[in-house]
Amino acid sequence: MTQPAVHVPVHDHDGGPWPAAPGRPGASVPWTGLAVIAAAGVPVGLLWWLLAPTGLNLITRDPALAAGSNPETWLPRDLVLAGLFLLAGCLSGIFIAGNRPARLGTATVVLAVAAGAVGALLAWGTGVLAGTWWSAPVDTSASASIAFSLRAYAMLVIWPAAIALAIFLSTVFGSSEPKPASGGTAPERKMDE
C-alpha cells in the first residue's frame, strides 16, 4: 500500500549572522550582535562631534558655524546626530534581520530596539564628552546650548525606531523561505512504510 507524499520539514539555515536554536526558529538571542549595536554608539558620538557645527565642523568648515553662540548652529547640530542615528538604526536593523527576518523572535526584536536605545544614549554622551574635552572652553551663562550639546532630546528615539522599522520592512518585503537553487520546485520526499 502506498502512502501519499509527505513533505518533511527541513531546517536549513542560510548562514545569517546567527543560527536559530534547533527546533525553534528565532529562539536564540544574538547577544554579540546586540552588544555590537549598543557599542556602536561610541563611534557614532565621535562622528557627531567631528561633523556637526560647534564641534570640529568637518561638513561645512564655515567659521561662522563653529561658534555655539550662534543660535543658527543649534538645529543643524541636532540634525547631524539625527542623520547618524537614522543611518545607524537602518544598518542595525538590516544586520539583525539578516537573510531570514521571519525567524526573528519577539525577544530578539525587543532587545535590538533596546540595544539601539543604549547606543543612542552612548552616542549622545560620547559626543558631549568629546565636545567638553576637545572644544575650546565657552561661556554658557547665556544658554546651555552654546556648549556642544543636544537640544532636542526626542532625537534619541530615532535610532531604536529605525531599527524597528528596518526589521519590520525586511520582514514584510524580505523572503522568509529560501528559493530553490534549480529554478524549479524543491524535490518532494516520500515516506514509505
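The following dialogue examines the predicted model through questions and answers.

Student: What conventions apply to this model?
Tutor: Residues are numbered from 1 along each chain as its sequence is written, and side-chain values use heavy atoms, with hydrogens and water left out. Because the model is predicted, local features need pLDDT of at least 70 and side-chain atom pairs count only at pLDDT 80 or more, whereas totals for chains, interfaces and linings use all residues.

Student: What average pLDDT does the protein have, and which residues stay under 50?
Tutor: pLDDT is the predictor's confidence in each residue, from 0 to 100. The protein averages 80, and 76% of the residues score at least 70. Where pLDDT is low, the predicted coordinates should not be read in detail. That caution concerns the stretch with pLDDT under 50, residues 10-27.

Student: How many helices and strands does the protein have, and what pattern do they follow?
Tutor: Helices (H or I, at least four residues) and strands (E, at least two) are DSSP runs, numbered from the N terminus. The protein has 5 helices and 0 strands. Read along the sequence, the pattern is α-α-α-α-α.

Student: What percentage of the residues is buried?
Tutor: Buried means under 20% relative accessible area, exposed means over 50%, and partly exposed lies in between (1.4 Å probe, protein chains only). Among the 193 residues of the protein, the buried share is 33%.
The accessible surface of the protein, by the Shrake-Rupley method with a 1.4 Å probe, comes to about 11,400 Å², of which 67% belongs to carbon and sulfur atoms. The buried share asked for is 33%.

Student: Where does phenylalanine 85 lie, and which residues does it touch?
Tutor: Phenylalanine 85 is found in helix H3 and counts as buried, at 0% relative accessibility. Its C-alpha atom is separated by 9.5 Å from that of alanine 161, 76 residues apart along the chain. Contact means heavy atoms within 4.5 Å; not counting residues up to four places away in sequence, phenylalanine 85 touches Val44, Ala120, Ala123, Met155, Leu156, Ile158 and Trp159.

Student: Why are the buried residues of H2 on the same side, and what covers them?
Tutor: The buried residues of H2 are Gly41, Val44, Gly45, Trp48 and Trp49. They cover an arc of only 140° around the axis, so they lie on the same side of H2; the arc is that of the directions from the helix axis to the C-beta atoms. What covers them includes H1, H3, H4 and H5.

Student: What span should H4 have, and how far apart are its end C-alpha atoms?
Tutor: The expected span of a helix is 1.5 Å times one less than its number of residues. In H4, the buried residues include Ala112, Gly116, Ala123 and Gly127, and the buried residues of H4 pack against H1, H2, H3 and H5. With 29 residues, H4 should span 42 Å, which agrees with the separation of its end C-alpha atoms, 42 Å.

Student: Is tryptophan 134 buried or exposed, and which residues does it touch?
Tutor: Tryptophan 134 has its place in helix H4. With a relative accessible area of 52%, tryptophan 134 is exposed. Not counting residues up to four places away in sequence, tryptophan 134 touches Leu46 and Trp49.
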